[in-house]
Amino acid sequence: MTSGTSRTSGTSRTSRTSPTSGRWLSKTAVNGVLLIAALYTLFPLIWLLTAATKDAGNLLGGDVFSFEGFDLAHNLSELTAYQDGIYFRWYGNSLLYAGIGALGCSLVSVAAGYAFDKYRFRGKEKLFALVLLGVLLPSTALSLPLYLLAVETGTVNTYWAVLIPALVNPFGVYLSRIFSAGYIPDEVLEAARIDGAGELRTFWSVGLRMVMPGFVTVFLFQFTAIWNNFFLPLVMLSDKDLYPLSLGLYNWHSNANADPSFYPMVVTGSLLAVTPLIVAFVVLQRHWKAGLTAGSLK
């Protein structure tokens, strides 16, 4: 009886501890995978952070992942002084293209998605199918037709050549229609119309506020896409004063093959170039999360 009781108690103790051990192993495995993914994601940024502190000799021949030969201040001064600070002109151009382009694109996309979701008109689904077809087309395939249109309108080698194409994003329209369907109840719009609001007032005061998470989502996607855009400015622009950062840093990198002194400026400029993207995601993430429930309370 005693041995049988001992075996029974041992078996029950094992059964009690086994689920806990399994959960611990599962948690450890998941955290390990997430840690590896985070390191893989942060690895280029860490390399960029340490490489920006080195001169050309240490960058090409030293240990890139150490802060030995720290020379960040000199690299920043060279970046500022080269060609009367043309880098910061490129920086301002990128902020102009990405900021105005993303804001305008978000408004157009949300308005179009709202119209596709809330209004009934002839050929709506066929027109929306054309929008979905635009999602499938790569942006590089449209660069040449856009260039020919810019030639006809006389906007080649101007700010408009990059800004106008940035105002249209088929994926943003598709995403906005989904957000409109999920966040804007038809009853709220009917109540606004009964209170005497016109269609534009209903969209601006009610619909746009309720779909603000979708607006921020489209803005972030488009801001990142325009900031990193390279091929369209390469096709449209020949004046260096109009270059965005992506095109300007590419030219410097091409020169670095003949003159290695360009490498520190390219790396330091690339480090500064990722700052607006990080700031945009950190700042707007709060509004993104807050807006998920704000619409239902208004």
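## Exercises on a predicted model

Leu284 contacts Val216, Phe219 and Leu220, once residues within four places in sequence are set aside. The model is predicted.

**Exercise 1.** Is Leu284 buried or exposed?

*Solution.* Start with the location: Leu284 sits in helix H15, residues 275-297. Next, take its relative accessible area, 19%. The cut-off for buried is under 20%. Leu284 therefore counts as buried. Finally, look along the chain. Thr217 is 67 residues away from Leu284, and their C-alpha atoms are 9.0 Å apart.

**Exercise 2.** Which residues does Ala166 touch, leaving out those up to four places away in sequence?

*Solution.* Find Ala166 in helix H7, residues 160-166. Then list its partners: Gly101, Cys105, Gln222 and Ile226. Check one of them, Gly101. It lies 65 residues from Ala166 along the chain, with 5.2 Å between the C-alpha atoms. Last, check burial. Ala166 has 8% relative accessibility, so it is classed as buried.

**Exercise 3.** At what angle do helices H5 and H8 pack?

*Solution.* Take H5 as residues 124-136 and H8 as residues 170-183. Their angle is about 130°, and the axes are 7 Å apart. H5 is therefore oblique to H8. The crossing of H5 past H8 is left-handed.

**Exercise 4.** Which residues of H5 and H8 meet?

*Solution.* From H5, take Lys124, Glu125, Phe128, Val131, Leu132, Gly134 and Val135. From H8, take Pro170, Phe171, Val173, Tyr174 and Arg177. Now sort this contact by class: eight residues are nonpolar, one is polar and three are charged.

Methods: Residues numbered from 1 in each chain as written. Predicted model: local features only at pLDDT ≥ 70, side-chain atom pairs only at ≥ 80, totals over all residues. Heavy atoms only, no water. Axes fitted to C-alpha atoms, helices over the stretch in contact; angles between N-to-C directions. Helix = DSSP H or I, 4+ residues; strand = E, 2+ residues; numbered from the N terminus. Parallel < 35°, antiparallel > 145°, perpendicular 65-115°, else oblique. Left-handed = near helix turned anticlockwise from the far one by under 90°. Contact = heavy atoms within 4.5 Å. Nonpolar A, V, L, I, M, F, W, Y, C, P; charged D, E, K, R; others polar. Buried < 20%, exposed > 50% of the residue type's maximum accessible area, 1.4 Å probe, protein only.
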